[in-house]
Amino acid sequence: MTLANFKLDTDSDGIVLVTWDMPGKPMNVLDQTVMDELDAIVDHVVADAAIKGVVLTSGKDAFCTGADLTMMQSGAKQFADAVKARGQDAAMTEFVDQAGRASRVFRRIETSGKPWAAAINGVALGGGFEITLACHYRVIADSPKASVGLPEVKVGLFPGAGGTQRIPRLMATPDALQFLFKGESLKPARAKQMNLVHDVAPEGELVARAKAWIKGGGKPVAPWDEKNFKMPSGKIFSPFGMMIWPPANALYRKETYDNYPAVKAILKCVYEGLQLPIDQALKVESRYFAQIMRSKEAAAMIRSLFLSMGELNKGARRPKSEPRTNLKKIGVIGAGFMGAGIAYVTASAGAQVVLVDRDQAAADKGKAHSDALISSRVAKGRATEADKAALLGRIKASADYNDLKGCDLVVEAVFEDRGVKAETTKKAQGVLGPDVVFASNTSTLPITSLATEAQKPENFIGIHFFSPVDKMMLVEIIMGEKTGDRALATALDFVRLIKKTPIVVNDTRGFYANRCVGNYIREGHLMLMEGVPPAMIENVARMAGMPVGPLSLNDEVAIDLSWRVVQATKKDLGEQSIDPAQEKLIKTLVVDLERFGRKNGKGFYDYPQGGKKKLWPGLAGLAGKALDPDTIDVEELKQRFLVAQAVEAARTMAEGVVTDPREADVGSILGFGFAPFTGGTISYIDGLGVANFVSLCDTLVARHGDRFSPPALLREMAKSGETFYERFVGAKAA
Amino acid sequence: MPEAYIYDAVRTPRGRGKDDGSLHEVTTLQLAAGALRAIKDRSNLDTHLIDDVILGCVDTVGESGSDIARASALAAGLGEHVPGVQINRFCASGLDAVNFASAQVMSGQHEMAIGGGVESMSRVGMGAEGGAWPVDPSIAISAYFMPQGVSADLIATKYGFSRDDVDAYAVESQKRAAASWQEDRFRKSVVPVRDINGVTILDRDEHMRPSADMQSLAALKPSFVMMGEQGGFDAVAIQRYPEIEAINHVHHAGNSSGIVDGAAAVLIGSAEGGRKAGLKPRAKIRAFCNIGSEPAIMLTGPVDVTRKLLARAGMSIRDIDLFEVNEAFASVVLRFNQAFDLDPARVNPCGGAIAMGHPLGATGAMLISTALDELERTGKSTALITLCIGAGMGTATIIERV
């Protein structure tokens, strides 16, 4: 037996220590070669009577982070290719068989007749955790690096190697469903409390503890293979089962709007599996796993939320020629809500921050924001008083620009006014000189024009944060016409430092995210004016996959801001650039009724003191007409919301504002929550097929107007049959 | 095609469906057997004329399982030659049993059959049977399953019935039921439940609360708030009807059908069968049909099935003198009246299940007797009986006096 991925050491007690350590990889992953070798190891262990038991551990920092997602991402494509080559039936049989491969290998471990103990030395995720669930004993290192979890749902998959069967056999069904739905990782103590591991041991004693269990007569039988095994929650068709299942199905819909087939598959696997013996239950799970692996949701989510996001986080867009910067001290000018948030995330990442505002009180108020955020983490037990002191110690609040001396990068987040920004740039550069990269956090002003105020425009760049800064994971980096590679590299290094995900876009009105979001909100406004019931607008938007309805969102960002944007757009681009129905609505709300949004307690919603917000009853009257809800095509409303954003994303790519579909996709999900199950704005188009998308746009143009008109690029691609990923990412396309 | 005639219709009084209810001590078997025995005894019927016994029963587990119709027929002494079959279409089971019996007669295959139903809700319990629809994710999610109370509240929300509307309806149901009992309008049909010695256990519907008024009902808390909010079902309702911002929970024990025990039986036969038995028909089954309706809102089936049935029978809503629309929840009847723009006086004139109770599998057959007695009392001709049904269905039957 020659093994590449595992090392076997048999001790004098006849216990084999199997150390998983894949050559040339930073982490262990479950791939074909691993499964082949595991099969061989099981054969070997069963055949050799001298072997008393097995301890499985990892030679890397992490135990195993699960399946090879690059391989999984191409599931749908592999299947399509197999159908072409071997026909539907043969391809399907083969695919389903392959989908159950890991599950069968793990089951062989479980039924090998020899005791297997998992010594979980680090992170065990997905299939990496499922293999340990098939071991008869699990001991985890008492280490901050160790955790267990089944995060598959986050990328459109589910734990298909026994996870949906062994978890609900270890804990009550409601807890099991919760654990499987959320995909959260658990620290060792919590894992023990949840009955997911048997023991927690000091790092150095991990393997010894596992061996001790075997030597102590550890039984090579899983609880569910015992004759008298009882399911933790009893039978499904029981009074308790009736209390669990109908609400579980309802809560699935409530949380997902039935947009996530993998989450639904978990429910089905658990429901059907709990009524079966484990071997048949695992078979049923594999069948669902094969179905989900072929789903376009899995392909899209793995690509955008795992692969592309990882690539962007690692600096896919960073100019390779630029040496790595060493950002130790960051200047933040403007201690308002955005600046204060930027200061917080920067200090959290360990850098020194100089937070400057026009007077000390304003600067201190900005720093107090960090105090509030870290204090809340301390209160929740997520940080210590020492962490708090250190973090606050890294922020110097000042009214003196001279304190910016020595900063490696300055981010300006002052009031959105060209004059104020220009003055800020001048004052800062007066202290710093022209060579320190200067970034503007603007959401509306073109970077190229702001850069003219800089001594060296090549060192001027836009870094657009989203609010609230500590929660929103996306950062838009905006290249002015003259922005140079060093500024870009510095900005990307900064975003990496604060552990956010960057997209790099070229300078244009609204950049990328706000253009799409603006279209989304406008679609809600126009529906309202058509007479669509307000609640339907909000609910259908969420059903389409958006995190908040357009009217709620508008209340949050403020309707008077929308009014100013509409007026500015009209002034700059002319009367035809705005929709008169939308203008009329916003004018009525802002000018006539002073309904500005949440900030003054009245917008599209009313915000009663201490109560839940409710749609303002006067809204329906603003349209002057009301449609009968039973005659409204809900599917079309959903399409309007998504297409309005996606077609704008396509325009940004056609214009060269966004140059990489991975950035459009990841940016849309992280920046404005675009229906994650689609993989993002551009994957939504690719997923429908560009030709289908174009024809959908044409239908919507005919019914609702030119705002849905597809750019020439889309028509060209529809003709050639190309996808965005083929055209813009080339070989990387899946 | 032979006509199907109604020769007799009986029902038990309805006992409160709790462990202090009068009929709690009576087994499902004895409840059903009592009704069947009354059919036999009242007409001094030669049971060789009975070709089948069809009983509706919804929760068919434990004592009500394993074909309660055959067991009850035997226990009633109909003789071993009389077969039995139990059917389940949820709340319309009893009416469907009558329709199935009628279909056997109309098809010419049977001459006489008994259709009826039984439910001991106090002994077996609602939902005891389980089932895929509320539980199995493969159907519960796509069918937008929600408990009926949430669906009833959804109807009220969507069609604009306020708490006052549904409470006022309930008060009226109580008043009508009380008046009907006072005037002894049910005397032709109600047969007391007796013990083994012949002593009467119950001879009146005992769920009624004639003193109920707007004030006393207003004190009741809505029943389905918790389920709707914490069980996630309000969200399910809203995703199916997204024009709704929030579900207005208006139903409570006082304006929903009562949980009760009871049984009913209807003797159906052809003209030939009646002649052989020496019986005079009271009415004929003019037409009946079933429909599937939108399963999430679930309880609007009576509207859909009535439209379908009237069209099939070539009738208009004005041809119907009297409507019996099961009072599963107040909003169900209010929606029915709204959809057909009906004078409420023509609908459930003797009160309904809000006052007297809804013994699931039996109610449909009970409504036949209620309608027929009232047609005879008032000298009217035609009645339409319909019930809303779980999972979104409707059953309706038109009877006509002969």
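Start by selecting helix 12 and helix 13 of chain A: helix 12 passes helix 13 in a right-handed crossing, a term used when the near helix is turned clockwise from the far one by less than a right angle, with left-handed for anticlockwise. You are looking at a predicted model, in which local features need pLDDT of at least 70 and side-chain atom pairs count only at pLDDT 80 or more, while totals for chains, interfaces and linings use all residues. Residues are numbered from 1 along each chain as its sequence is written, and chains are lettered from A and ligands numbered from 1 in the order in which they are written.

**Stop 1: two helix pairs in chain A**

Helix 12 covers residues 261-273 and helix 13 covers residues 278-293; their axes are 9 Å apart, at an angle of about 165°. Helices and strands here are DSSP runs numbered from the N terminus (H or I, at least four residues, for helices; E, at least two, for strands). Axes are lines fitted to C-alpha atoms, for helices over the stretch in contact, and angles run from 0 to 180 degrees between N-to-C directions. The pair is therefore roughly antiparallel, on a scale where angles under 35 degrees are roughly parallel, over 145 roughly antiparallel, 65 to 115 roughly perpendicular and the rest oblique.

Show the side chains where they meet: on helix 12 of chain A the residues include Ala265(A) and Cys269(A), and on helix 13 of chain A they include Val284(A) and Tyr288(A). Contact means C-beta atoms, placed from the backbone, within 7 Å. By class, the residues of this contact are 8 nonpolar, 1 polar and 3 charged; Ala, Val, Leu, Ile, Met, Phe, Trp, Tyr, Cys and Pro count as nonpolar, Asp, Glu, Lys and Arg as charged, and the others, Gly among them, as polar.

Next, select helix 14 (residues 296-313) and helix 28 (residues 661-672) of chain A, whose axes come within 10 Å and cross at roughly 110°. That makes helix 14 of chain A roughly perpendicular to helix 28 of chain A, and their crossing is left-handed.

**Stop 2: an enclosed helix**

How many of the 8 residues of helix 23 of chain A are buried? The count is 6, so this helix (residues 550-557) is largely enclosed by the rest of the structure. Buried means 20 or more other C-beta atoms within 10 Å of a residue's own, exposed 12 or fewer, and partly exposed in between, with C-beta atoms placed from the backbone. Among the buried residues are Leu551(A), Leu553(A) and Asp555(A). The cover includes helix 21 (513-530) and helix 24 (559-573) of chain A.

**Stop 3: loops**

Pick Pro468(A), in the loop between strand 15 (460-465) and strand 16 (474-479) of chain A. A cis peptide bond joins Ser467(A) to Pro468(A), with omega about -5°.

In chain B, Ala391(B) sits in the loop between strand 11 (382-389) and strand 12 (393-401). Ala391(B) has a positive phi of about 65° and is partly exposed.

**Stop 4: where the chains meet**

Finish with both chains shown: the contact takes 22 residues from chain B and 27 residues from chain A. On the chain B side, helix 10 gives the largest share, 5 residues.

How values were computed: Two residues are in contact if their C-beta atoms, placed from the backbone, lie within 7 Å.
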